[in-house]
Amino acid sequence: MQFRKKGISPYAVKLDLSKGVWYRIYAGAYADQQEGEKLIRERNLRDAEVVKTPWANLIGVYSSSGEIESRAKHLRDLDYFPYVVNSRDGTRRLYVGAFYQKERAEGLHEELKARGIDSKTVKR
């Protein structure tokens, strides 16, 4: 995949749309649109675009790499696509989902909850 070759870790978000189930591929979380566009230019990412997806489900905040990797593996084993955002305070936040609309993030939250996974719908 072109993103991995360029040092970017993509993640997918499953969406149940009127036209069926679709998966959108995302790569990263950026402070603003300019930061995302800069990465696209610097890494020569063809067909990439910056989109605002402020809503996600926070699984947890971790300081230990082992702990976050274990939790992420568990989520992947359940067919979710977790991703990590590093915080300025040195902690790492584990998320699932990235949505334009809060309601879609809340729907994923309910699905996670039904599967015994604690999460919180948040605006990133």
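Predicted model: local features only at pLDDT ≥ 70, side-chain atom pairs only at ≥ 80, totals over all residues.
The aromatic residues come first. A pair of aromatic rings is described by the distance of the centres and the angle of the planes. The model contains 4 aromatic pairs. Y11 belongs to strand β1 (residues 11-17) and Y83 to strand β4, so that the pair links distant parts of the chain, 72 residues apart. Both partners fall below the 20% limit for a buried residue: Y11 has a relative accessibility of 5%, and Y83 has a relative accessible area of 6%. Y11 and Y83 also belong, together with Y26 and Y95, to one aromatic cluster.

Y95, a member of that cluster, is also approached by a charge: the charged end of R124 sits over the ring of Y95, 6.0 Å from its centre. A further arrangement of this kind involves K19, whose charged end sits over the ring of W22 at 5.0 Å from the ring centre.

T91 lies in the loop that runs between β4 (82-86) and β5 (92-99). With a relative accessible area of 17%, T91 counts as buried, because the limit is under 20%. Its side chain makes a polar contact of 2.6 Å with the side chain of D89. Leaving aside residues up to four places away in sequence, T91 touches V61, Y62, V85 and N86.

Definitions and conventions:
Residues numbered from 1 in each chain as written. Heavy atoms only, no water. Helix = DSSP H or I, 4+ residues; strand = E, 2+ residues; numbered from the N terminus. Buried < 20%, exposed > 50% of the residue type's maximum accessible area, 1.4 Å probe, protein only. Polar contact = N/O pair within 3.5 Å; in protein donor to acceptor, adjacent residues only side chain to side chain. Contact = heavy atoms within 4.5 Å. Phe/Tyr/Trp six-rings, centres within 6.5 Å; stacked < 30°, edge-to-face > 60°. Lys NZ or Arg CZ within 6 Å of the ring centre and 35° of its normal.
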